[in-house]
Amino acid sequence: MSVFKSFITSDVIVSPFEVNKSFTFQGNELTSSNVEIDRYIGKNITSSLWISGSNPTGYITIQDQILVYRSIRELYYSNYLLGDDGSPAATASFNTDGTITGAAYTPNYYNYLSSTLLADRYFPTGSNDVIGVLSVPSNLYGEYIKPGTLTLTNPTYTLNDDGEGNIISGSYKVGDIIYEHGIIILTSDGIPKLDGYGFATYGTSSYGVGDVEFINSFITSSNITCSFSSTLTIYETQYKCTLRENEFNFSQNPTIISGSLNSGKIYNFATGSYFSPYVTTVGLYDNSYNLLAVAKLAQPLPTSAVTDTTILINLDL
């Protein structure tokens with residue numbers, strides 16, 4: 001049998017494809033050392049005196065509730081603080097004397113929207129309002145959580161994502177998911193969903209005790225199940241290796257020699273013109289003859305003495 005050392009390859013094709021893996025974690029599994037899905041309460045604490053560490057939250061990494069609240073607000077809701085369909089753009093007048101009259105500020109932050117179909121995000125801004133945050137580590141979700149695969153359940157509620165970044169409980173929106181960050185945000189115990197696209201307006205109803213109890217049932221309770229699918233893009237490179245009919249026509253297998261390697265001789269069956277070695281392994285080398293990769297054939301491949309032999313090698317990265 002022969003080892004084919006390929007120094008020159010042609011027709012290199014790179015093809016990406018998506019790989020998904022499903023996960024389900026229950027109760028204390030979420031915070032175990034090999035999972036580490038952390039859960040936080042964010043709270044809009046408005047007291048003038050703020051003491052670091054006075055309002056701890058989190059199971060794995062301890063944070064402050066007000067810092068969690070403000071971080072989520074700035075990252076994902078800064079364009080939606082004046083309305084769930086987006087804060088209105090401010091207008092200003094540029095005067096002939098070079099001065100500007102009117103508001104010059106316009107909210108234009110990047111809030112990681114999952115869909116441009118309809119802007120719809122709600123964030124509670126009242127004093128002592130509460131949000132819930134679940135943080136999935138990137139080693140679990142890969143590049144992003146696959147849209148439409150998230151499920152959160154407890155004895156009272158079942159939540160799903162709709163594939164557009166909204167967390168749904170039945171026909172109600174209760175929060176948002178940032179797929180590429182593995183962040184799940186709970187902001188309310190339910191806003192009615194409209195027929196067709198979008199959701200009903202949040203209006204001016206108060207952020208009540210029901211919201212806090214709902215959020216705590218997923219954040220502070222251990223009776224919870226979290227399921228989702230990860231997404232990872234694998235790039236498959238295909239190398240086309242060709243050996244001509246006059247190449248690699250002698251076996252490199254040491255068992256073809258009788259006796260010792262130095263004084264033995266080749267067995268008679270390998271000396272005839274009809275003998276054809278078999279390829280079992282292909283080595284890929286660079287221009288400096290450094291071995292970069294080794295490919296194993298599923299079964300020995302006989303070489304041809306009358307025509308070229310082409311071997312296709314698939315390498316996943």
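This note goes through the predicted model point by point, from the overall make-up to single residues.

1. **Overall make-up.** The protein chain has three helices and 20 strands. It holds 317 residues, and 37% of them are buried. Take the contacts with a separation of 6 or more. Residues 24 or more positions apart account for 65% of these.

2. **Strand β3.** This strand covers residues 38–43, and five of its six residues are buried, so the rest of the structure largely encloses β3. Its partner is β8, residues 130–135. The two strands run antiparallel and are joined by six bridges. Within this pairing, tyrosine 40 stands opposite valine 133 in β8.

3. **Valine 130.** This residue also belongs to β8. Its relative accessibility is 7%, so valine 130 counts as buried, the limit being under 20%. Aspartate 211 is 81 residues away along the chain. Even so far along the sequence, the C-alpha atoms of valine 130 and aspartate 211 are separated by 8.0 Å.

4. **Helix α1.** The helix spans residues 65–76, 12 residues in total. From first C-alpha to last it reaches 17 Å, close to the 16 Å expected at 1.5 Å a residue. Its buried residues are Gln65, Ile66, Val68, Tyr69, Ile72 and Tyr76. Viewed down the axis of α1, the buried residues fall within an arc of 165°, so they line one face of the helix. There is also a contact at the start of α1. A side-chain oxygen of aspartate 64 comes to within 3.2 Å of the backbone nitrogen of isoleucine 66.

5. **The largest nonpolar core.** This core has 28 residues. Which members touch the most others? They are Ile37 and Phe228. Elements giving two or more residues to the core are β2 (10–26), β8, α2 (138–141), β13 (172–178), β14 (183–192), α3 (209–219) and β15 (225–243). Of these, α3 gives the most, with four residues. As a general rule, nonpolar side chains in soluble globular proteins tend to be buried together.

6. **Isoleucine 37.** Leave aside neighbours within four places in sequence. Isoleucine 37 is then in contact with Phe25, Leu30, Thr31, Ile60, Ser135, Val136, Pro137, Leu140, Cys226 and Phe228.

7. **Phenylalanine 23.** This residue is found in strand β2. Phenylalanine 228 is 205 residues away along the chain, yet the two C-alpha atoms are separated by 5.5 Å. Not counting residues up to four places away in sequence, phenylalanine 23 touches Leu140, Cys226, Ser227, Phe228 and Ser230.

8. **Strands β18 and β19.** Strand β18 covers residues 278–285. Six of its eight residues are buried, so β18 is largely enclosed by the rest of the structure. It pairs with β19 in the antiparallel sense, over seven bridges. In that pairing, leucine 284 has alanine 293 of β19 as its bridge partner. The two strands form a hairpin, with five residues between them.

9. **Two positive phi values.** Most residues other than glycine have a negative phi. Two residues deserve a look here. Tyrosine 289, in the loop between β18 and β19, has a phi near 65°. Is tyrosine 289 buried or exposed? At 58% relative accessibility, tyrosine 289 counts as exposed. Asparagine 128 also has a positive phi, near 65°. It sits in the loop between β7 (100–101) and β8. With a relative accessible area of 41%, asparagine 128 is partly exposed.

10. **Threonine 303.** This residue is in the loop between β19 (291–302) and β20 (309–316). At 11% relative accessibility, threonine 303 is a buried loop residue. Its contacts, leaving aside neighbours within four places in sequence, are Leu243, Phe248, Ser276, Pro277, Val279 and Thr309.

Conventions: Residues are numbered from 1 along each chain as its sequence is written. This is a predicted model: local features need pLDDT of at least 70, side-chain atom pairs count only at pLDDT 80 or more; totals for chains, interfaces and linings use all residues. Side-chain values use heavy atoms; hydrogens and water are left out. Buried means under 20% relative accessible area, exposed over 50%, partly exposed in between (1.4 Å probe, protein chains only). Two strands pair if DSSP finds at least two bridges between them. The expected span of a helix is 1.5 Å times one less than its number of residues. The arc is that of the directions from the helix axis to the C-beta atoms. A polar contact is a pair of N or O atoms within 3.5 Å; within protein, one must be able to donate a hydrogen and the other to accept it, and residues adjacent in sequence count only if both atoms are side-chain atoms. A nonpolar core is a set of buried Ala, Val, Leu, Ile, Met, Phe, Trp, Tyr and Cys residues joined through side-chain atoms within 4.5 Å. Contact means heavy atoms within 4.5 Å.
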